[in-house]
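This briefing goes through one protein structure, topic by topic. Look over the sequence and the model before reading on.

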Amino acid sequence: MASITLDHIAHAYPGAPGAAPHYALKPINHVWQNGRAYALLGPSGCGKTTLLNIISGLVIPSEGRLLFDTADVTRLPTEKRNIAQVFQFPVIYDTMTVAENLAFPLKNRGMEKGAIKRRVDEIAELLDLKPVLGRRARGLTADAKQKISLGRGLVRSDVSAVLFDEPLTVIDPALKWELRSKLKSVHQALDLLMIYVTHDQVEALTFADEVVVMKDGAVLQIGTPAELFERPAHSFVGYFIGSPGMNFLPATVAGHEANVAGTVFDLGARYATPANAGKIEIGFRPDYATLHETGGIPVRVLKVEDLGRRRLARISVGGQEAIATLAHEADLSPGDTAGLIIEPGHLHLFVDDLRVEGERA
Ligand SMILES: Nc1ncnc2c1ncn2[C@@H]1O[C@H](COP(=O)(O)OP(=O)(O)OP(=O)(O)O)[C@@H](O)[C@H]1O
């Protein structure tokens with residue numbers, strides 16, 4: 001087990017001779033702590049796999065150093081890195097039993113028989129594989145096979161890290177929920193550093209202690225699920241995390257007031273916006289913005305959607321569109337005027353996509 005240091009790591013794949021380097025991964029400087037679970041989350045092409053491959057040794061970064069504890073492993077091949085990997089599709093031996101599959105990585109390292117049996121039993125228990133331990137892998141479902149793959153990734157307790165590359169892709173949607181939370185409890189039981197690549201925010205938020213949100217090769221924020229939801233550092237994080245994502249409205253700001261096309265919002269804090277600021281936006285989540293028949297900020301209702309558990313409304317704020325949650329008692333329809341109330345402390349200001357802190361009185 002180790003901590004992993006990304007010391008000014010960046011990567012540009014070789015391009016046409018003479019062309020300026022195009023970074024698939026922009027410089028990142030960070031330490032991932034032993035025993036914690038991290039998820040790399042972002043849209044397709046944002047650089048997740050490149051970063052994972054740098055850690056596994058499939059890609060040698062064009063800049064920076066990678067340390068496992070204090071050892072520089074930047075140029076070490078995968079097999080010398082002491083990591084376990086779980087891929088999108090099951091990597092198992094069909095002719096072996098489930099128990100033999102789980103025991104394989106331990107046997108390979110010469111572990112004593114009794115110790116192998118104890119560890120295999122522990123992992124099988126954690127992943128609900130005990131009832132099939134004696135069965136050959138060949139006859140099992142795709143879900144069960146992927147569980148064996150997960151087990152093989154988790155069975156060694158002496159690895160520096162376990163890397164998961166979208167491991168739930170082949171899992172039946174109904175089982176995904178169960179396996180997501182199972183992986184979380186497995187992580188808590190095993191105390192291993194785990195790094196998990198996914199483009200699914202629910203998967204990332206359920207599994208990880210900290211989520212690394214990436215876009216266009218850049219790491220925009222590393223934070224706990226609550227931090228990403230409550231205090232997104234970048235407007236993309238606000239938009240990408242949460243369903244629906246955060247609302248952003250172009251505004252002008254004077255002191256503690258924001259003006260959105262003539263509609264005034266009290267920001268609850270005083271802001272000094274830099275004179276050379278480009279884009280200024282207020283951001284608020286639909287979850288903290290309630291729509292009432294009267295009171296609050298005047299808006300117009302464009303559309304109402306009943307989701308069963310809650311009703312969402314698309315609204316117009318001085319011509320700009322946003323989404324809010326309808327108050328329980330509100331009887332509102334498209335075309336009505338209404339009042340928007342944003343919970344104190346949940347209105348944010350973003351300058352050139354970065355969230356800025358105001359001065360609270
Ligand atoms: N071997 C390669 N050679 C050149 N460019 C590459 C190579 N692999 C990836 N890229 C480019 O690097 C960027 C990041 O790709 P990467 O696969 O790391 O993203 P990702 O977030 O994992 O995407 P996905 O979720 O689609 O796998 C993309 O623009 C991609 O086209």
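A residue is called buried here if 20 or more other C-beta atoms lie within 10 Å of its own, exposed if 12 or fewer do, and partly exposed in between. By that count, 5 of the 5 residues of strand S3 (residues 37-41) are buried, so this strand is mostly covered. The model is predicted. Its protein chain has 361 residues, of which 37% count as buried.

**Overall make-up**

- The secondary structure of the protein chain comes to 8 helices and 21 strands.
- Along its principal axes, the C-alpha trace spans about 75 × 55 × 40 Å.
- Among contacts between residues at least 6 apart in sequence, 68% join residues at least 24 apart.

- S3 pairs in the parallel sense with strand S8 (residues 194-198), over 5 bridges. Within this pairing, Leu41 has Thr198 as its bridge partner.
- S3 also runs parallel to strand S9 (residues 210-215), to which 4 bridges join it. Here Leu40 stands opposite Val212.

**Met214, a residue of strand S9**

- Met214 lies in strand S9. Met214 is buried, because 27 other C-beta atoms lie within 10 Å.
- Leaving aside neighbours within four places in sequence, Met214 is in contact with Leu40, Leu41, Gly42, Cys46, Gly47, Lys48, Val219 and Leu220.
- Met214 and Val237 are 23 residues apart along the chain, and their C-alpha atoms are separated by 8.7 Å.

**The nonpolar cores**

- In soluble globular proteins, nonpolar side chains tend to be buried together.
- The largest nonpolar core has 72 residues, and those with the most contacts inside it are Ala39, Ala161 and Tyr196.
- Apart from its neighbours within four places in sequence, Ala161 is in contact with Ala2, Ile4, Ile55, Ile83, Leu193, Met194 and Ile195.
- There is also a second, separate core of 27 residues, which includes Ile282, Ala289, Leu326 and Leu349.

- The residues surrounding the ligand are Tyr13, Ala24, Gly42, Ser44, Gly45, Cys46, Gly47, Lys48, Thr49, Thr50 and His199.
- This shell divides into 3 nonpolar, 7 polar and 1 charged residues.
- Which helix gives the most to the shell around the ligand? Helix H1 (residues 48-56) does, with 3 residues.
- Buried residues in H1 are Lys48, Thr50, Leu51, Leu52, Ile54 and Ile55.
- Gly57 follows H1 and has a positive phi, near 100°.

**An antiparallel sheet**

- Strands of a sheet pair through backbone hydrogen bonds, either parallel or antiparallel.
- An open sheet is formed by 4 strands in the order S11-S14-S20-S21, with antiparallel pairing.
- Strand S11 (247-250) and strand S21 (354-356) stand at the edges; each has a single partner strand, so one side of each is left without a neighbour in the sheet.
- From one strand to the next, the twist averages 40°.
- Strand S14 (residues 280-284) and strand S20 (residues 348-351) pair in the antiparallel sense over 4 bridges. In S20, Phe350 is the bridge partner of Glu281.

**Backbone features in the loops**

- Most residues other than glycine have a negative phi, and most peptide bonds are trans.
- The peptide bond from Ser243 to Pro244 is cis, with omega near -5°. Pro244 is found in the loop between helix H8 (235-240) and S11.
- Asp191 is not a glycine, yet has a positive phi of about 60°. Asp191 sits in the loop between helix H5 (173-190) and S8.
- Is Asp191 buried or exposed? Asp191 counts as exposed, because it has 11 C-beta neighbours inside 10 Å.
- Ala261, also not a glycine, has a positive phi of about 45°. The place of Ala261 is the loop between strand S12 (252-260) and strand S13 (263-271).
- Ala261 has 13 other C-beta atoms within 10 Å, so it is partly exposed.

Terms used
Residues are numbered from 1 along each chain as its sequence is written. This is a predicted model: local features need pLDDT of at least 70, side-chain atom pairs count only at pLDDT 80 or more; totals for chains, interfaces and linings use all residues. A nonpolar core is a set of buried Ala, Val, Leu, Ile, Met, Phe, Trp, Tyr and Cys residues joined through C-beta atoms within 7 Å. Two residues are in contact if their C-beta atoms, placed from the backbone, lie within 7 Å. A residue is near a molecule or strand if its C-beta atom, placed from the backbone, lies within 6 Å of it. Helices (H or I, at least four residues) and strands (E, at least two) are DSSP runs, numbered from the N terminus. Ala, Val, Leu, Ile, Met, Phe, Trp, Tyr, Cys and Pro count as nonpolar, Asp, Glu, Lys and Arg as charged, and the others, Gly among them, as polar. Two strands pair if DSSP finds at least two bridges between them. Axes are lines fitted to C-alpha atoms, for helices over the stretch in contact, and angles run from 0 to 180 degrees between N-to-C directions.
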